[in-house]
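Hi there,

Here is the structure I promised to pass on to you. Have a look at it first, and then read on for what turned up.

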Amino acid sequence: MSDTALEPVRLVDYRVPAFLIDTVHLDIGLDRTQTRIVATLAIRRNPASGERGPLKLDGDSLLFVEAWLDGVPLQTRDYVALPQAFTLHHTPEGSFTLTIETRLDPSANTQLMGLYRSNSAYCTQCEAEGFRRITYFLDRPDVLSVYTTRIEASFQEAPALLANGNKIEEGVLNHGRHFAVWHDPFPKPSYLFAMVAGDLAVVRDSFVTASGRHVRLEIYVEHGKESRCTYAMDALKRSMSWDEQVFGREYDLDIFMIVAVSDFNMGAMENKGLNVFNDKYVLALPETATDQDYANIEAIIAHEYFHNWTGNRITCRDWFQLCLKEGLTVFRDQEFSADQRSRPVKRISDVKTLRSQQFSEDGGPLAHPVRPEIYNEINNFYTATVYEKGAEVVRMLKALIGDEAFGRGMDLYFERHDGEAVTIEDFIACFADVSGRDLSQFMLWYRQSGTPEIRAEGVWDESGRTYALTLSQILPPTPGQPHKQPMLFPIRLGLVGTKGDLRVRLDGEPFEGLVALTEPTQSFLFSEVGEKPVPSLLRSFSAPVKLAVDLDEEALLTLLRADSDPFNRWQAAQSYALKLLLRLVKDPTTPIDPRFVEAISGILERGGDDPAFAALSLALPSEADIAREIGSDVDPQAILGARAKLRHTLGSYLGSELLRTIETMSVDGPYSPQARDAGRRSLRNVALELACANGSKAALAVAQAQFENANNMTDEMAALNTLALSGTDAGEQALLGFRERYGSDPLVIDKWMSVQAMLPHETTLARVKELMRDSAFSLHNPNRVRALIGAFSANNQTQFNRPDGEGYSFIADIILSIDPKNPQLAARLLVAFKTWRSLEAGRRALAAAALRDIAARPGLSRDVADIVQRSLA
């Protein structure tokens, strides 16, 4: 096992800080290798703490220069300054000022945490514990301070000097240098500090708030990329307006800035007034960005802006409460996107993401509660459980207490806790207070890990016109939690007849569509049920659970045709396909049910009514979906074969209908990312992929023509992917042509690399290794690594899980290569092994061997050591 010592942090050990820091004055003299940081901290003992010991400040790889206490230089006997900590032995009884000077080398900071250089710009990333890489500090979320930041740099190198808050001063200095001073009047934790400096272009706009305040809006990008910011700016303005209308939240500073950088470990960061973004979530033109890129930009711009209140004005007391800002803000950005686009389509897309990412996390060795109670490395808990499942918990809360009470609860939360660092208990208490409801059982959603299973059985009494529905909750054991308590589930449901929803009664009252499950097993007796119903359970996916209900194909067809709930109509199509696919995995000679082909034909015929919904309904369950349903002894090759056979059958039987859909769903005129046109393109391209699945020369010719003539990246990429999957010379020529066409655009080349990394061909691993030698690839850039290596390990089930183990060995070597330079990136690649225990015995043994090889490497980072040790536990 690695020699990396992991000291766990536990929620039960939380103590309030012994000291508080009221104000922070930072004086930053930028230099590529010798940046000077002078931090002046106004400190006092915390009256809520009984500790009387010395002052201990966090550090990380810092070079200490000098320190002063109340303006007087400290003597070496007064303190201990180590790269990882600064200790002041004796402190004054009252308030005092501590000034510390440190030196940094931004150019050598490959971890991309703290202060580093991204191309020609200086940039910071401080969440979760990066501020301690800039200066010594109480680097924890519950220490809130008012920041004033002075930045000095060469004007030629960095004409733009940006930090949190409002700019209060700027000027010219000697020797070609200049400065700017920024002041943020709102107390914030150190993880929200930000500074950016460089030679950047800026796109400006403005927004007038509901109260009439004028806010300057600025997006900073590399020169020449200004035209790619139009959609991001539009999304920002729509986000600001929506938050005022829906949550009553108005922006509070004079300026809001976004900076797009090319080297970033995350998607974006919500630093107060100065959001820093991975450039892939800002830059977009029809020629370079897909519909999904546009949707991601809209959602992530909104997410980071919404953090201004849910994360910044109200922050989390400690990192165990991370879901309080992230899960809540994901819920808010999902609601925003649903209002901007199609709510049913958005809901289906979010659930697909939840199932593919979070359910697999819950089902493996990395499972943890929405609010963990212990962690070894906080960087490893920016997970789908915290984000996506955290959002689902907020959505369940809204369903349980109702829209009106939920709105009042949010208002109370903002009013009661503005300017504070709070806990999940503080949040839930607001909704309990306004609704008068006991939410103690609901809190189990934050404490218990794993994906619950709801089992349903129904009995129809024709003579009594009743339907008895019994629901049971199964809570499987997860790491550290072998036994679970019954949880509170909001279950939306309906009873569906041949012509649609049946009007029924529950307990003598008209049924409103929602029941609450609180016991291990509960029964509900519906009356006035005039025909044998099909239960439509978990409508709108009202709880993040697995649903076990024995519906035959005829019942699924009834739901597909007649259910009023769009989510469950989509789910019926998926469930039907999954039944077929599971049979094919067991026996590849199983004949395809012709009723399923007819159902797909019906979806195509009605596709024009809601193309985006039809596209989702036509898309077969993914290989990961099938593996998750199988659960154990998974053979990825058998799953790939089953999907290939079903796609081949659909392409063969529905060839003419698919080609007709491709033609009728074409979009005339200039490109627009709006939902209507995006939906038509989505249906067109799903139909194109199915039409080509049986090797049809006519369909492949259509794909070739689309690749050559497309006026937007969505259609071009869809055609490229289809041609590449065909394994033909035309596919290889298309890949070569695409590389030549977009060789100077890194974000487009990322797409090109991902297409190849995900090809389910035996030669793909060799192809990936060859692509690593491409001039566009760099192990130092997280986007390049995620596009190629991440796409291979996370999205290529057969080739990552090769029966010879070469996929595992390759990824293990990459992880060990990256770890010394960028531990966060290495740890995120390692998460690809999260489902290794569910594989068949041969692959399982090879994956375990690769994990043990990683664990045995001396000097692993905390990030990687934590993931590998938990994976092998």
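A pocket here is an open set of grid points where a 1.4 Å probe fits, with protein on both sides within 12 Å along at least five of seven lines. Please keep in mind that this is a predicted model. In its second largest pocket there is about 1400 Å³ of space.

Which residues lie nearest the centre of that pocket? They are Val9, Asp58, Glu129, Arg132 and Asp139, out of 49 lining residues. Strand 4 (55-58) gives the largest share of the lining, four residues, and strand 1 (9-10), helix 25 (823-830) and helix 27 (862-872) each supply at least two. By class, 19 of the lining residues are nonpolar, eleven are polar and 19 are charged.

Next, some backbone features. Most residues other than glycine have a negative phi, and most peptide bonds are trans. The bond from Glu127 to Ala128, however, is cis, with omega near 10 degrees; Ala128 sits in the loop between strand 11 (121-125) and strand 12 (145-154). Asn119 has a positive phi of about 55 degrees and belongs to the loop between strand 10 (114-118) and strand 11. Phe541 also has a positive phi, about 50 degrees, in the loop between strand 33 (534-537) and strand 34 (546-549). Its relative accessible area is 1%, under the 20% cut-off, so Phe541 counts as buried.

Finally, helix 14 (residues 636-653) has 18 residues and should span 26 Å at 1.5 Å a residue, which agrees with the 26 Å between its end C-alpha atoms. Its buried residues include Pro636, Ile639 and Leu640. At the start of helix 14, a side-chain oxygen of Asp635 comes within 3.0 Å of the backbone nitrogen of Gln637.

Best wishes

Note on methods. Residues numbered from 1 in each chain as written. Predicted model: local features only at pLDDT ≥ 70, side-chain atom pairs only at ≥ 80, totals over all residues. Heavy atoms only, no water. Expected span 1.5 Å × (residues − 1). Buried < 20%, exposed > 50% of the residue type's maximum accessible area, 1.4 Å probe, protein only. Polar contact = N/O pair within 3.5 Å; in protein donor to acceptor, adjacent residues only side chain to side chain. 1 Å grid on protein atoms, 1.4 Å probe; cavity = no way out; pocket = protein on both sides within 12 Å on 5 of 7 lines; lining within 4 Å. Points joined across faces, edges and corners; volume = space filled by probe spheres on them. Nonpolar A, V, L, I, M, F, W, Y, C, P; charged D, E, K, R; others polar.
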